[in-house]
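Subject: Structure handover

Hello,

Here is the structure you will be working with. Please look through it first, then read the notes below.

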Amino acid sequence: LLVLAQALGPLALSPADAAWLLLTPLDRRDVLRRPAAATAGIAVAAGGVLGVLALAMAGPFLRLPNGSETHRVPWAWLLLCAVAGAGFFAAAMLAGVLAQPWPRWRVRLRAAGAVVGVAATVGAVAGERWTVVSRAITDRFAELDTRSFGLIAVVAVAAAGMAALLVRRMLPHFPAGVVRAGSARTGTVLLAAAFLNVPLLTWIAEDSHWRGRRLHSRPWPRLAAFSPRLGPAFVLAWADWRRLGRRPAVLAALAVSALAPALAGAAFTGRAHGWVTAAVLLAGAMAAGTQGTAATRRDTNDPALRRLLGVDAEAALVARAVLPALLGAAWLALALALLALTGELPGALWPVLGLAAGPGVAAAALRIARTAPINPADQGPDAPVTAPPWLLTRAGSALLGVAATWPTLRAVYAGHVHASTF
């Protein structure tokens, strides 16, 4: 949630206020007070819910003051956990507001949130497989009492109050350009999310990352000798390789997300194989493959560069299918290897099965990238039962991914793999 808030602002105005009120002689604190209060209010509400959920998750390991005959958590603990969660989450959100004008601090805050999320995920997986880790954590929970919860709540409220005072002092001098850029990005993101326009969301993320960066020029590779027909196409496809090489954080996030299938299966069905795990594997592989299709999306919207270089459309498509196939295959192999190492999916052929499914994932990822941009005004024919064309095309891409990786999905659902699967 904190990373998402950082991507959206977190301090942003409506498009009308950003265009008309931000640059007027009005006191900027009066203009920004309402969105700042709204941001803090949303953080308090979300933090309170998260605090109660944290107490519910730790409840079985707590030592209740009423004795072992009753299993009811005291209302004082519930209230104090809600206050502590609201305070800490509000402090973190307001810290994001303080760091919003400085890109370096925003990156550090994002990295801190990612580290906390990764640590929690690794702790959950390690606690499920090794009882030493889970026992060390639960022993700490048993030492908590009303005084401990009260002290945590007081620290959280103090942190939130300090952050609120710092934000109040900063509002009169908040840079207008930062607020306008964040407001425009937030409006576009909300519009794209309303229509499930994932390509537009990825374009916004790419634009936000590369804007203002200065890149060093490097010579293009000499791949013409590889194939007289595909050489120029591979040179054109090299842009996706260079883009991914300049963003190692994307590769790290993909590697960490390989834990998602095991966690999703254990959370929803209690086992690491089944349709839930298979669906998460398919979605994760397609998401990994789409990280290598940025240039394909660009050519779909504007093929001028490909035509100027004299590259054939089919040759360019073949050259650009290599990177999505490698990304999808590597992600599937890593996710299935983790499931095999933890003993959830017995056998040693699972990584090989993931590598074999790479071309099918690339086909689905490329079809998503080559789909025309979403036009919300295009609602299709007037019929009693119909769907917008953009929704049908996205569903067709998902069905293509299911058909192309069906042997892998069927093996994951069954929980075993053998030679006949290939």
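**Aromatic rings and nonpolar cores**

Trp238 counts as partly exposed, at 31% relative accessibility (partly exposed lies between buried, under 20% relative accessible area, and exposed, over 50%; 1.4 Å probe, protein chains only). Trp241 is also partly exposed, at 32%.

This is a predicted model, in which local features need pLDDT of at least 70, side-chain atom pairs count only at pLDDT 80 or more, and totals for chains, interfaces and linings use all residues. Residues are numbered from 1 along each chain as its sequence is written, and side-chain values use heavy atoms, leaving out hydrogens and water.

Rings of Phe, Tyr and Trp (its six-membered ring) pair if their centres lie within 6.5 Å; planes under 30 degrees apart are stacked, over 60 edge-to-face, and the rest tilted. The count by this rule is one aromatic pair. Trp238 and Trp241 form it, stacked, with 6.1 Å centre to centre and 15 degrees between the planes. Why are Trp238 and Trp241 separated by about one helical turn? Because they are three residues apart in helix α10 (residues 231-245); helices are DSSP runs of H or I, at least four residues, numbered from the N terminus.

The largest nonpolar core has 26 residues, of which Leu281, Trp331, Leu332, Leu336, Trp350 and Val412 touch the most other members. A nonpolar core is a set of buried Ala, Val, Leu, Ile, Met, Phe, Trp, Tyr and Cys residues joined through side-chain atoms within 4.5 Å. Helix α17 gives the largest share of this core, seven residues. Another core, of 16 residues, lies apart from it and includes Leu13 and Phe174.

Regards

Technical notes:
Helix = DSSP H or I, 4+ residues; strand = E, 2+ residues; numbered from the N terminus.
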